[in-house]
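This report goes through selected contacts and positions in the structure shown below. Please keep the sequence and the model open while reading.

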Amino acid sequence: MLGVYLPEDMKAIDEFAIVKLGVPSDVLMETAARALCDEVRLAAKTRPGEIFFFCGTGNNGGDGIAAARFLRADGYEVRCLLLGDEEKLSPDAKEMTARLRACGGDLEQFDGSGAPAIIVDCMFGFSFRGALGGEYLDAAKWINASGAYVIACDLPSGVDPKTGAVETDAVMADVTLTMTGYKQGLVLAPGSEYAGRVQVAPIGIPEEAMIRRPVASITNRDLAKECFPRRRRNSHKGNYGKVLLLCGSVGYTGAAAMAAKACLRAGSGLVFLGVPEAVYPILAAKLDEAIVFPLPDENGMISEKALPGIFSRLADMDACLIGPGLGRSIATERVVHGVIRHATCPVVLDADGINALSGNMNVLHSVSTPLVLTPHDGEIARLGCRLSAEGRLEEAKCFAAEHKVNLLLKGYRTIVTDGEQTFVNTTGNPGMAVGGSGDVLSGILVSLLGRGIEPMRAAACAAWLHGAAGDRAAERLGEASMLPTDLCDALCEIIRELE
């Protein structure tokens, strides 16, 4: 599984490979350059024309100089533009320059001329700090205004590799080819938005050189595939989990319906949906496959009087979801608190289930069952955790560790963490920014928990599946027009491909 690394840790890994294990640094550089060439060749199939390499004086620039040499030898029309003083080239970048010149190429100074089809940004790597200025800032602005397809080497220049911060401006890449593993700045805003699609290229760092642990792992298809083994031929509905959903209120029946539908589409054997009596006829008519039952209500929301009946059902459940469309009242808060105190199965708190903890975080001290919280930034702020863009990953870890919960922090680059193990999800798109999308996610998650998948793995898999379904729906319908119900339909296709 791909890791997310701090820049200082990646530097230590590189140095260990070169100094302690004797891996030649120029070999690593040329391996990185060949990976860059592959990305350029792929882009050039549909974008013929000149290829500009913008190279700095460090090893990132050396990667670009070497790649320019390889592509030039293959007959591509290449210009290699140097930013900075040639006398300040790193030793390996100097060596790559000599090899370029031996083949008839050379470095040029950037003068603002030309109309490239493809630009490769090799001005800075993971050693960048501060703000772009001078000719580097001018180059970044020119690149962004050029209309060319932009490939960034390791990170877009101007993005802080540790925090993702951008102080003045940064290169806006279509794709970032990052070496060995993700740099943390690629998964934190705004750096993640400048990176475009991120690809990881192995460059020959031996496994024994990986002396620093990643701060997180990237979710992927293999992780999701592990959650969907082929079903046994002689199985029955009881083998695939019994789950209880406590959702909905007057005016919010859609949330309950979407969570239940997603839960079923994700493979649950039996889905029980408890709803306020006032909306029971609506949801019973909407859903054929879920077992919908009415609960005592108050002002169109589940009443505290429903707790005895909920407790009797909980005893036989493999997982529980509470929150989507639940509404906010003293009664619903008491229902949420009662459920998490009484349950012996894993519980997912979403939406108003999370809001019920606001000002009541001490209720978590009396909970013994695994909890998964699925807040967005606004909801987690109500629980006392105000996130900063650059500290999002560490702050999420601290929250999960402090409260002993599994946290699925929704957003661009969703974070899943229990304070020790951490995943970052890279699937999904802006078309999912619509009411109801989170209800689909919580339905997928409770389904996985109901099949006995441990909470962290279930949450990471649910985030990947949800985003992958969103990407599939966007391919078919476009980001502006897709709906949460389209995610459920696309989910079927994604899961079928995993089985």
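## Phe52 and the aromatic pairs

Phe52 has a relative accessible area of 0% and is therefore buried, since the cut-off for that class is under 20%. The model is a predicted one, and 7 aromatic pairs are found in it. In one of them, the ring centres of Phe52 and Trp142 are 6.2 Å apart and the planes meet at 5 degrees, so this pair counts as stacked. Phe52 belongs to strand S2 (residues 51-55) and Trp142 to helix H5 (residues 134-145), so the contact ties together parts 90 residues apart in sequence.

Trp142 also pairs with Phe54, and here the arrangement is tilted, with 5.9 Å from centre to centre and 40 degrees between the planes. This pair again links distant parts of the chain, with Phe54 in strand S2 and Trp142 in helix H5, 88 residues apart. Phe54 is buried because its relative accessible area is 0%. Through ring pairs, Phe52, Phe54, Phe110 and Trp142 are linked into a cluster.

## Salt bridges

Side chains of opposite charge can pair when their charged atoms come close. A search of the whole structure gives 23 salt bridges. One of them joins Arg101 to Asp106, with 2.6 Å between the closest N and O atoms. Arg101 has 35% relative accessibility and so counts as partly exposed. Asp106, with a relative accessible area of 42%, is likewise partly exposed.

Lys261 and Asp489 form another salt bridge, at 3.9 Å from N to O. Lys261 sits in helix H8 (residues 253-265) and Asp489 in helix H17 (residues 484-498), so the pair ties together parts of the chain that are 228 residues apart in sequence. Both ends are partly exposed: Lys261 has a relative accessible area of 29%, and Asp489 is at 37% relative accessibility. The N to O value of 3.9 Å still qualifies because the cut-off for a salt bridge is within 4 Å.

Where do Lys397 and Glu394 lie? Both are in helix H14 (residues 392-403), 3 residues apart, which is about one turn of the helix.

Elsewhere, shared partners join several salt bridges into one network, made up of Asp26, Glu30, Arg69, Glu95 and Arg99.

## A positive surface patch

Which residues form the positive surface patch? They are Arg221, Lys225, Arg230 and Arg233. Arg233 is placed in the loop between helix H7 (221-226) and strand S11 (242-246).

## Buried positions and C-alpha distances

Val348 lies in strand S17 (residues 347-349). Is Val348 buried or exposed? Val348 is buried, because its relative accessible area is 0%. The C-alpha atoms of Val348 and Ile322 are 6.3 Å apart in space, and the two residues are 26 apart in sequence.

Ala331 is in helix H11 (residues 330-342). Its relative accessibility of 9% puts Ala331 in the buried class. Ala331 and Val424 are 93 residues apart along the chain, and 35 Å separates their C-alpha atoms. Tyr194 is part of helix H6 (residues 191-195). With a relative accessible area of 17%, Tyr194 is buried, because the class takes values under 20%. From Tyr194 to Arg69, the C-alpha distance is 27 Å, for 125 residues in sequence. Arg69 is also one of the residues in the salt-bridge network described above.

Definitions and conventions: Residues are numbered from 1 along each chain as its sequence is written. This is a predicted model: local features need pLDDT of at least 70, side-chain atom pairs count only at pLDDT 80 or more; totals for chains, interfaces and linings use all residues. Side-chain values use heavy atoms; hydrogens and water are left out. Patches are made of residues with over 30% relative accessible area and no salt bridge: like charges are joined within 9 Å, nonpolar side chains (Val, Leu, Ile, Met, Phe, Trp, Tyr) within 5 Å. Accessible areas come from the Shrake-Rupley method with a 1.4 Å probe; for residues, only the protein chains shown count as cover. A salt bridge is a side-chain nitrogen of Lys or Arg within 4 Å of a carboxyl oxygen of Asp or Glu. Lys and Arg count as positive and Asp and Glu as negative; His and the chain ends are not counted. The place of a charge is taken as NZ of Lys, CZ of Arg, CG of Asp or CD of Glu. Helices (H or I, at least four residues) and strands (E, at least two) are DSSP runs, numbered from the N terminus. Rings of Phe, Tyr and Trp (its six-membered ring) pair if their centres lie within 6.5 Å; planes under 30 degrees apart count as stacked, over 60 as edge-to-face and the rest as tilted. Buried means under 20% relative accessible area, exposed over 50%, partly exposed in between (1.4 Å probe, protein chains only).
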